Amino acid sequence: MEYRREIDGLRAISVISVILFHAGLGIFKGGYVGVDIFFVISGFLITSIIVKQIRDKQFNILNFYHRRIRRLIPSLAVVILISSFFAIFLLTPEDLKKFYESVIATATFSSNIYFWKQDGYFDTAGELKPLLHTWSLSIEEQFYILYPILILLIWRFCKKYLSYILISIFCLSFVIAQWASIAKPVAAFYLLPMRTWEILLG
């Protein structure tokens, strides 16, 4: 799709707000909402690309996954390598063991599940986990693995109901997220079913 300057602007707002939140500036206590903005942007972009390519009979799911790997893996590998280098010198043996567990979880796009089982994101202990921020990346990649398959199946068997099915999934995810935000707040923060509505909103 053609370049959209306003989307890059929204990306900048979302990234800056998260950075300022982690910098501990009191005025940006809600800065982590930048992650929510990023999920919405991702949903808009990925749906636009998939639907257009399917409509033009150009979509290939293997090529889609290949592009995601090429876009993601190099920078992720650099982050993991640099974090690993400093972790060796800065972490205690027990924390180092947990760090390498998080490396495995990050490499397999399941770090959101791993950190969900650990301390909450806003706990002091959570701030000492170098790869904690990869939870949102794992959610995106889990969605990107499942979403194209879902779109292809709907397009093949009941294309005219595509919008209705996506809206239904959006509503279901939104209801689950609202319930979980009270009953299971950590799960609501970390897990894909409670975040799906944000991506589908886009």
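This is a predicted model: local features need pLDDT of at least 70, side-chain atom pairs count only at pLDDT 80 or more; totals for chains, interfaces and linings use all residues.
## Terms and model

Buried here means under 20% relative accessible area, exposed means over 50%, and partly exposed lies in between, with a 1.4 Å probe and protein chains only.

Residues are numbered from 1 along each chain as its sequence is written, and side-chain values use heavy atoms, with hydrogens and water left out.

## The chain as a whole

The secondary structure comes to nine helices and zero strands. Helices (H or I, at least four residues) and strands (E, at least two) are DSSP runs, numbered from the N terminus. Along the sequence the pattern reads α-α-α-α-α-α-α-α-α.

Of the 202 residues in the chain, 38% count as buried. Take the contacts (heavy atoms within 4.5 Å) between residues at least 6 apart in sequence: 65% of them join residues at least 24 apart.

H4 covers residues 93-107, which makes 15 residues. From first C-alpha to last, H4 reaches 21 Å, close to the 21 Å expected at 1.5 Å a residue; the expected span is 1.5 Å times one less than the number of residues. As background, an α-helix has 3.6 residues a turn, so residues three or four places apart point the same way.

Phe 109 sits in the loop between H4 and H5. Its phi is near 55°, a positive value in a residue other than glycine. Most residues other than glycine have a negative phi.

## Helix H2 and its end

H2 (33-55) has 23 residues and reaches 33 Å from its first C-alpha to its last, close to the 33 Å expected at 1.5 Å a residue. Gln 53 is found in this helix and, at 19% relative accessibility, counts as buried. Leaving aside residues up to four places away in sequence, Gln 53 touches Gln 58, Phe 59 and Arg 67.

After H2 comes Lys 57, with a positive phi near 60°. Lys 57 lies in the loop between H2 and H3, and it is exposed, with a relative accessible area of 77%.

## H3 against H6

H3 and helix H6 (135-158) pack at an angle of about 170°, with their axes 11 Å apart. Axes are lines fitted to C-alpha atoms, for helices over the stretch in contact, and angles run from 0 to 180 degrees between N-to-C directions. The two helices are therefore roughly antiparallel to each other; the cut-offs are under 35 degrees for roughly parallel, over 145 for roughly antiparallel, 65 to 115 for roughly perpendicular, and oblique for the rest.

On the H3 side, the contact is made by Ile 61, Phe 64, Tyr 65, Arg 68, Leu 72 and Leu 76. H6 brings Leu 137, Glu 141, Tyr 144, Ile 145, Pro 148, Ile 149 and Leu 152. These residues divide into eleven nonpolar, no polar and two charged. In this scheme Ala, Val, Leu, Ile, Met, Phe, Trp, Tyr, Cys and Pro count as nonpolar, Asp, Glu, Lys and Arg as charged, and the others, Gly among them, as polar.

## Helix H9 and its neighbours

Eight of the ten residues of helix H9 (192-201) are buried, so this helix is largely enclosed by the rest of the structure. The eight are Leu 192, Met 194, Arg 195, Thr 196, Trp 197, Glu 198, Ile 199 and Leu 200. They pack against H2, H5, H6, helix H7 (162-183) and helix H8 (185-190).

H2 and H9 pack at an angle of about 55°, with their axes 6 Å apart, and are therefore oblique to each other. Asp 36, Phe 39, Val 40, Gly 43 and Phe 44 of H2 meet Arg 195, Glu 198, Ile 199 and Leu 201 of H9. By class, this contact has five nonpolar, one polar and three charged residues.

## Lys 129

Lys 129 has its place in the loop between H5 and H6. At 22% relative accessibility, Lys 129 counts as partly exposed. Lys 129 and Phe 115 are 14 residues apart in sequence and 9.5 Å apart in space, C-alpha to C-alpha.
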